[in-house]
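Thanks for coming. Please have the sequence and the model open.

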Amino acid sequence: MSNMVNPDAISIILANPSPDSSSDLPDLVVQVLDLKPTGNRYMFTASDGKMKLKAILQSSLSSEVVSGNIQNLGLVRVLDYTLNDIPTKNEKYLIVTKCDVVSPALEAEYSTVLKTEAAGLVLKPKEEENVKVEVKSEGPGILLKPKQEFVTKSAHQIVHEQSGNMAPTARMAMTRRVHPLVSLNPYQGNWTIKVRVTSKGNMRTYKNVRGEGCVFNIELTDEDGTQIQATMFNDAARKFYDKFQLGKVYYISKGTLKVANKQFNTVKNDYEMTLNDNSEVEEVSSEAAFIPETKFNFVPIDELGPYVNGRELVDVIGVVQSVSPTISIRRKSNNETYPKREITIADETKKTVVVSLWSDLATNVGQELLDMADKSPVVAIKSLKVGDFQGVSLSALSKSVVVINPELPEAKKLRNWFDSEGKETSLASVGAGLSPTSKTGTQSMYSDRVFLSNIVSNPSLGQEKPAFFNVKAYVSYVKPDQAMWYRACKTCNRKVTEAIGTGYWCESCQKNDAQCSLRYILALKVSDPSGEAWLSAFNTEAEKILGCTADELDKMKSQEESAFLMKLKEATWAPHLFRVSVTPHEYNNERRQRITVRAVASVDYAAESKYLLEEVSKLKLSQ
């Protein structure tokens with residue numbers, strides 16, 4: 001009987017949506033039907049031959065499916081579960097959190113229509129109710145027994161029967177039913193979760209029409225790696241702020257859930273949690289803690305554009321192309337210095353992106369990457385902020401996680417690609433491939449479009465933080481006698497000086513190299529119908545404007561002055577789309593604007609025509 005389907009399994013599950021103890025349950029053996037992946041979990045239909053129920057395997061059981069232990073048409077014994085009721089869809093979902101494999105795939109779907117030689121009858125579901133004695137078939141049939149009465153026991157009864165006079169905390173640990181985060185929804189009743197605090201925000205104050213208050217939030221991760229954000233206001237914030245400590249594990253209950261506001265929530269979960277003054281929080285001290293499984297939701301490098309300057313964080317995976325030495329950055333807000341290290345990674349899209357690591361990630365993980373950079377390790381990074389420096393750039397946060405050479409299918413696929421063809425492939429920076437019409441590339445050049453006069457006529461722009469705009473303009477003049485480039489270290493691209501004797505000394509890398517490279521620091525005048533302005537362009541953007549590298553232009557200048565001047569002339573009166581940042585600075589005690597080119601792209605005339613037609617339509621509507 002223990003190895004066969006229980007024909008009442010689904011009925012028992014529906015009658016006991018959240019049992020207090022799996023020891024009170026009979027054998028819940030069901031058949032797995034329609035097994036299919038959904039994200040990092042698997043869905044299936046649980047069948048007992050009479051009834052069916054939609055079900056989801058907890059992510060920790062996915063390995064059982066991958067290994068082939070759990071199979072479609074196979075049998076499993078459900079040892080622990082939660083039944084979710086979703087009123088809006090009029091559906092119930094069985095969340096299987098623990099199970100045993102009973103049998104591999106059967107030849108067909110199981111049915112309760114059974115032939116028995118002893119009775120000489122075909123027993124159908126309705127007739128089974130009239131069977132008063134045990135009937136056993138000779139073949140691989142089913143042993144039918146009188147229906148057993150199922151009694152649900154309360155937690156108090158279980159504690160009394162199983163625990164006796166144990167200490168209160170030990171009794172709580174025995175009878176507490178922990179729900180996985182994936183099983184929670186706003187329509188659920190009482191639940192208890194066991195989670196680790198993986199991120200803790202500062203206590204913040206706010207003021208609105210209802211008065212003043214305080215708030216802070218934390219990010220919680222369960223054993224399966226599922227995350228959720230929890231927020232506490234006022235009395236709850238003051239009650240729990242000191243109790244929640246980063247890295248510790250807690251039991252939490254009596255909270256509420258609602259649909260997550262993606263504008264203020266960076267955790268990938270459809271819901272967010274609110275804890276109030278009546279919520280219960282208990283630190284897990286007497287039990288074995290756990291290290292949450294790190295789950296990734298990778299974004300290809302060439303699809304990072306829509307995330308630029310947004311609130312949503314991204315996960316990336318790539319092969320390390322270069323690692324810079326650690327440098328110190330001084331923060332203006334508190335005048336403190338922080339170590340920073342930049343790594344460049346590439347993926348199968350043949351694009352590269354620069355990732356900035358800070359503090360401990362820069363000194364510890366960054367040093368490890370530097371030591372093995374010649375082996376081109378694969379690195380997976382979770383929770384990165386996407387910025388627009390050099391078009392697209394990534395920056396780690398305090399909660400970012402870096403895994404070197406992870407045991408992931410994506411990592412193995414990426415390694416195979418790099419070893420077979422990637423190392424010989426020409427790679428380009430994702431910021432260098434700007435396209436104003438790209439749907440999966442960087443931010444459109446047609447948003448925030450202004451004339452140059454809108455920028456130069458407003459000297460207060462960028463006082464608190466840099467202001468960003470897009471302009472369409474023509475390069476009208478490149479001054480030929482300016483210092484167009486600087487000597488740079490080939491490792492970190494920072495300025496070098498001539499060493500004593502021979503070679504060039506890099507203060508950042510603390511080393512002497514025989515050769516260096518030249519990198520642009522170009523000043524150019526641009527014009528549009530409203531006026532003109534001076535722009536500063538650095539190496540990547542200047543190369544696109546002039547059409548050659550600084551080393552190539554320097555060679556022209558030294559060999560043939562006329563070729564050098566002709567190259568500068570060819571770059572003028574060519575239209576470009578510029579993404580610029582505006583900040584104030586002082587020069588000779590005079591306050592000026594610094595307009596820096598952050599990205600540049602050629603004009604796509606089809607997209608430009610569409611943009612102009614839209615602008616004309618707006619003018620007609622306003623009249």
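**The chain as a whole**

The chain has 13 helices and 31 strands. Helices (H or I, at least four residues) and strands (E, at least two) are DSSP runs, numbered from the N terminus. This is a predicted model, in which local features need pLDDT of at least 70 and side-chain atom pairs count only at pLDDT 80 or more, while totals for chains, interfaces and linings use all residues. Residues are numbered from 1 along each chain as its sequence is written, and side-chain values use heavy atoms, with hydrogens and water left out.

How many of the residues are buried? Of the 623 residues of the chain, 43% count as buried. Buried means under 20% relative accessible area, exposed means over 50%, and partly exposed is in between, with a 1.4 Å probe and protein chains only.

Next, contacts, meaning heavy atoms within 4.5 Å. Take the contacts between residues at least 6 apart in sequence: 62% of them join residues at least 24 apart.

**Helix H7**

Now to helix H7, residues 359–371. Its 13 residues, at 1.5 Å a residue, should span 18 Å, and the end C-alpha atoms are 18 Å apart, which agrees. The expected span is 1.5 Å times one less than the number of residues.

Where is the kink in H7? It is centred on Val365 and is about 30°. The bend at a residue is the angle between axes fitted to the seven residues ending there and the seven starting there.

Val365 is also one of the buried residues of H7, along with Leu361, Ala362, Gly366 and Leu369. Look at the spacing of those numbers with this in mind: an α-helix has 3.6 residues a turn, so residues three or four places apart point the same way. What do the buried residues of H7 pack against? They pack against four strands: E16 (314–323), E18 (337–346), E19 (351–358) and E21 (393–404).

**Two helices together**

Two packed helices are described by the angle between their axes and the distance between the axes. Here the pair is helix H11 (residues 550–559) and helix H12 (residues 561–571), which pack at an angle of about 135° with their axes 5 Å apart. Axes are lines fitted to C-alpha atoms, for helices over the stretch in contact, and angles run from 0 to 180 degrees between N-to-C directions.

H11 and H12 are therefore oblique to each other. For the cut-offs, angles under 35 degrees count as roughly parallel, over 145 as roughly antiparallel, 65 to 115 as roughly perpendicular and the rest as oblique.

From H11, the residues that meet the other helix are Leu553, Met556, Lys557 and Gln559. From H12, they are Glu561, Ala563, Phe564, Lys567 and Leu568. By class, this contact of H11 with H12 has five nonpolar, one polar and three charged residues. Ala, Val, Leu, Ile, Met, Phe, Trp, Tyr, Cys and Pro count as nonpolar, Asp, Glu, Lys and Arg as charged, and the others, Gly among them, as polar.

**Single residues**

Strand E30, residues 575–587, holds Thr583. Leaving aside neighbours within four places in sequence, Thr583 is in contact with Gly462, Pro466, Arg592, Gln593 and Arg594.

Leu577 is buried, at a relative accessible area of 1%.

Not counting residues up to four places away in sequence, Thr205 touches Gly213 and Cys214.

Ser324 sits in the loop between E16 and strand E17 (327–330). Ser324 is buried, at 13% relative accessible area, and it is in contact with Arg341 and Glu342, leaving aside its neighbours within four places in sequence.

Asn234 is found in helix H6, residues 234–240, and has a positive phi of about 50° although it is not a glycine. Asn234 counts as partly exposed, at 25% relative accessibility. Asn405 is in the loop between E21 and helix H8 (409–420). Its phi is positive as well, about 45°, although Asn405 is not a glycine. At 38% relative accessibility, Asn405 counts as partly exposed.
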